[in-house]
Amino acid sequence: MSNQYIYISILLMAVVTYLIRVIPLLVLRKPIKNKFFRSFLYYAPYVTLAVLTFPSILYSTGSFASALAGSIVALVASFFRLGLPVTAAAGCIAAFVFQLFL
């Protein structure tokens, strides 16, 4: 690859990143009053994080069954609001124990 191609690629990435951050500031000058759009913007980061991490969780142990067991235990622990360290530890321990008995 030539240096010119690399510099053009870096410049284009910088412009795209800049535009993604500046266009909402230019277009949306007033506060957003639409409840649907506000709730969409509120939940978008959580949904994106879940969509990116959930497939990795299911294939992280090498066994789909043990990963699913750990995920279910972690979901139950989070439902009871046990906190992130306890929830993560419970999910990991459940996946480990399930894998031992497989």
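A crossing of two helices is left-handed if the near helix is turned anticlockwise from the far one by less than a right angle, and right-handed if clockwise. The model shown is predicted: local features need pLDDT of at least 70, side-chain atom pairs count only at pLDDT 80 or more, and totals for chains, interfaces and linings use all residues. Residues are numbered from 1 along each chain as its sequence is written, and side-chain values use heavy atoms, with hydrogens and water left out.

**View 1. The protein chain has 4 helices and 0 strands.** Helices (H or I, at least four residues) and strands (E, at least two) are DSSP runs, numbered from the N terminus. The order of elements from that end is α-α-α-α. The radius of gyration, taken over C-alpha atoms, is 21 Å, well over the 13 Å given by the globule rule for 102 residues, so the protein chain is more spread out than a compact globule. That rule is 2.2 Å times the number of residues to the power 0.38. The C-alpha trace spans about 55 × 50 × 20 Å along its principal axes. Of the 102 residues, 13% are buried (under 20% relative accessible area; exposed is over 50% and partly exposed in between, with a 1.4 Å probe and protein chains only).

**View 2. Helices α3 (residues 64-79) and α4 (residues 84-100) pack at about 150°, with axes 7 Å apart.** This angle makes α3 roughly antiparallel to α4 (over 145 degrees; under 35 is roughly parallel, 65 to 115 roughly perpendicular and the rest oblique). Axes are lines fitted to C-alpha atoms, for helices over the stretch in contact, and angles run from 0 to 180 degrees between N-to-C directions. The crossing of α3 and α4 is right-handed. Residues in the contact (heavy atoms within 4.5 Å) include Ala69, Gly70 and Val73 of α3 and Ala90, Gly91 and Phe98 of α4. By class, the contact of α3 with α4 has 9 nonpolar, 6 polar and no charged residues. Ala, Val, Leu, Ile, Met, Phe, Trp, Tyr, Cys and Pro count as nonpolar, Asp, Glu, Lys and Arg as charged, and the others, Gly among them, as polar.

**View 3. Arg81 is in the loop between α3 and α4.** Most residues other than glycine have a negative phi. Arg81, not a glycine, has a positive phi of about 55°. Its relative accessible area is 77%, so Arg81 is exposed.

**View 4. Ser71 is a residue of helix α3.** Ser71 counts as buried because its relative accessibility is 10%. Leaving aside residues up to four places away in sequence, Ser71 touches Ile57 and Leu58. Ser71 and Ala95 are 24 residues apart in sequence, and their C-alpha atoms are 8.0 Å apart.
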